[in-house]
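I opened the entry to look at the fold, the core and the strand pairing. My notes follow.

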Amino acid sequence: AISIGFWGSIVSLILILSFYNQPSINDDYCFGWIGRDFGIFKGAYLYYTNWSGRYSANVIMHLLPLTFSSNYKLFFIGPWILILLGLANTLYFFKNAFRFSFNSFELWGLSFLFQGVCLYLIPAEGLFETIFWFPASIYFISFQFFLLFLNLHLFTSNFTGKNLIETILIFVLIGSSEFTLLIFSALFFLFSLNRLLLKKINLNYLIQTTVWLISLGIALFAPGNFTRSGTLEKNWVNIFLKTNQYFLDLLVHICSQPLFWMWIAFVILFTYSYELPLKKLNKREILLFSLFFFGGFWLSLFALSTGLGENYIPNRNFSLLTWYLLFLGTFIGFYAKSFVPFPFQISKFNIFWIAILFICFIPFSKTFKTFYREWKYDKLKNYALENQQRFENLRLSQANIVGLKPIKNKETLFFAQELSTDSTHLWCKCVANYYHKKAVYLKKETH
């Protein structure tokens, strides 16, 4: 009940607000127009050859509701699917890791708490982008696929189709995001090296390693990457310094969060209170896992430091990287017994009092308070109604060149960017093409 209350307090707000979710001027109309007129896979190929090597992400981003309908009410679907995906995937992960049955209170309590921590731990802006903004939802999805692969690879006994699912996940993960590509590849290299040293080489090993290498080639040498390369940072000293600064910023962020330490303390006490049949890993294996993880993590920030002239970590990337650090802390916490044997028995009743702290945390959460204000003061609702009416007028207009009035209800987290007064701007051209207009532009504000 405590876990459900903690998770449900933020999820209920997300699901209520999802009914007012809107397509963003950034990218949504471009993906919607190309996906509708050229097809999802053709659209993904066009992005692959002209912009980004994230081939699986390109496919997923073209599946947004605008590809199938201009009805904005369908945008509630995204947050609902992601919330259910996250919970189901976490349940499956902990079920296999600890051999819980599905009707176990421990399984459901642990899963609700972990998903709640994932949602509360990131800033409100990051939660908006990764849950509500469809093109950025790939970061949430890639993290879930990452957990699923580790679940199958480390904790799941063999079953028919397991090797095939793992191989498909390797291909999908490499093409999902630059961060997942590098973090996952570092760990997969470790797994492959371990099997090689133990001489556990079989057909499945060769197939998965081959798929991994081919996927890396497809993602890294995509024509679209070379199109973007002209905007990349070329000064290696600046790249190195920026990488270390990003790395430090993320560590400071997560280490300064009381919620993170509450969760780690809960995890450690949980492992001391229950006799869990967790797969045995020795100290050396856990240390190597952590070192390779941090190596891939640092390289992902190195890649970010070269790109597109941004001097900060975008919210969606910040969220994904925070989740990866949370996962590593959780993983190490579950193996705390291997490092520090505890001489005293910790009762399950004491775990209950630790869990109470999660409920006490809610009123202090900036993310919760931001989403609560969005609901209480109808910020998103007012913006959504105005935005829907504006684009409905555009759809019904008989003119080929249409000027749209500026949005007045901008005091909301969900307002990301306005159209340009220049009809040749990319966002304006995408909107015009989506609604079959010659040109669309933003009218200048009149005072």
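How many of the 447 residues of the chain count as buried? I find 54% buried, where buried means under 20% relative accessible area with a 1.4 Å probe, protein chains only.

Before going on, I note the basis. This is a predicted model, in which local features need pLDDT of at least 70 and side-chain atom pairs count only at pLDDT 80 or more, while totals for chains, interfaces and linings use all residues. Residues are numbered from 1 along each chain as its sequence is written, and side-chain values use heavy atoms, without hydrogens or water.

Overall fold. I looked up the secondary structure and got 21 helices and 2 strands (DSSP runs, H or I of at least four residues for helices, E of at least two for strands, numbered from the N terminus).

Core. The largest nonpolar core holds 141 residues, and W263 and F371 have the most contacts inside it. Such a core is a set of buried Ala, Val, Leu, Ile, Met, Phe, Trp, Tyr and Cys residues joined through side-chain atoms within 4.5 Å. Helix α8 (residues 137-155) gives the most to this core, 13 residues.

Strands. β1 (residues 401-404) and β2 (residues 439-442) run parallel, joined by 4 bridges; strands pair if DSSP finds at least two bridges between them. G403 has Y441 as its bridge partner in β2.

Terms used: Buried means under 20% relative accessible area, exposed over 50%, partly exposed in between (1.4 Å probe, protein chains only).
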